[in-house]
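Please look at the sequence and the structure below before reading on.

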Amino acid sequence: MHELSLTESIVKICSEEALKNNLKRIEEIRLKVGELSGIVPDCIQYYFNIISKDTVLKGAVIKVEKIPMEIQCKDCNNICTVNKINFCCPNCGSFNIKILKGNEFYIDSIKGE
Ligand SMILES: [Zn+2]
């Protein structure tokens with residue numbers, strides 16, 4: 001459960017951005033979260049509501065876009081997107097794979113006025 005510390009960094013970064021861009025109110029924060037990161041979006045919104053209570057971010061909605069897992073097979077070089085954790089190449093069945101995408105976690109955009 002590392003959502004709390006992640007949410008604290010989100011609040012910190014977004015507050016700084018709001019200040020920099022002279023925003024009085026933040027409506028929406030978009031996050032990109034990799035399928036493999038294990039982060040639970042509902043937890044983030046929950047913690048966010050608590051932490052952001054006395055900040056300019058109060059009331060903002062967190063939207064999470066999931067990034068699917070992408071793997072590359074080291075044997076046949078096949079690259080593919082898998083929608084669940086699958087550590088075997090669908091092309092040749094090899095377990096000799098590399099994870100290209102799926103561990104991401106970052107703030108994509110902030111909307112406010
Ligand atoms: Zn393969």
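Arg 30 has Lys 63, in β2, as its bridge partner. This is a predicted model, in which local features need pLDDT of at least 70 and side-chain atom pairs count only at pLDDT 80 or more, while totals for chains, interfaces and linings use all residues. Residues are numbered from 1 along each chain as its sequence is written, and side-chain values use heavy atoms, with hydrogens and water left out.

β1 and β2 pair in the parallel sense over 7 bridges, where pairing requires that DSSP finds at least two bridges between two strands. Helices (H or I, at least four residues) and strands (E, at least two) are DSSP runs, numbered from the N terminus. The open sheet consists of 3 strands in the order β2-β1-β6, with mixed pairing.

| Edge strand | Residues |
|---|---|
| β2 | 61-67 |
| β6 | 105-112 |

α2 lies across β1, β2 and β6 and runs at about 155 degrees to β2, where angles run from 0 to 180 degrees between N-to-C directions of axes fitted to C-alpha atoms, for helices over the stretch in contact.

The largest nonpolar core has 15 residues, and Ile 10, Leu 31 and Phe 48 are among those with the most contacts inside it. Such a core joins buried Ala, Val, Leu, Ile, Met, Phe, Trp, Tyr and Cys residues through side-chain atoms within 4.5 Å, and buried means under 20% relative accessible area (1.4 Å probe, protein chains only). The largest share of this core, 5 residues, comes from α1. Leaving aside neighbours within four places in sequence, Leu 31 is in contact with residues including Ile 10, Ile 44 and Phe 105, contact being heavy atoms within 4.5 Å.

Technical notes
Buried means under 20% relative accessible area, exposed over 50%, partly exposed in between (1.4 Å probe, protein chains only).
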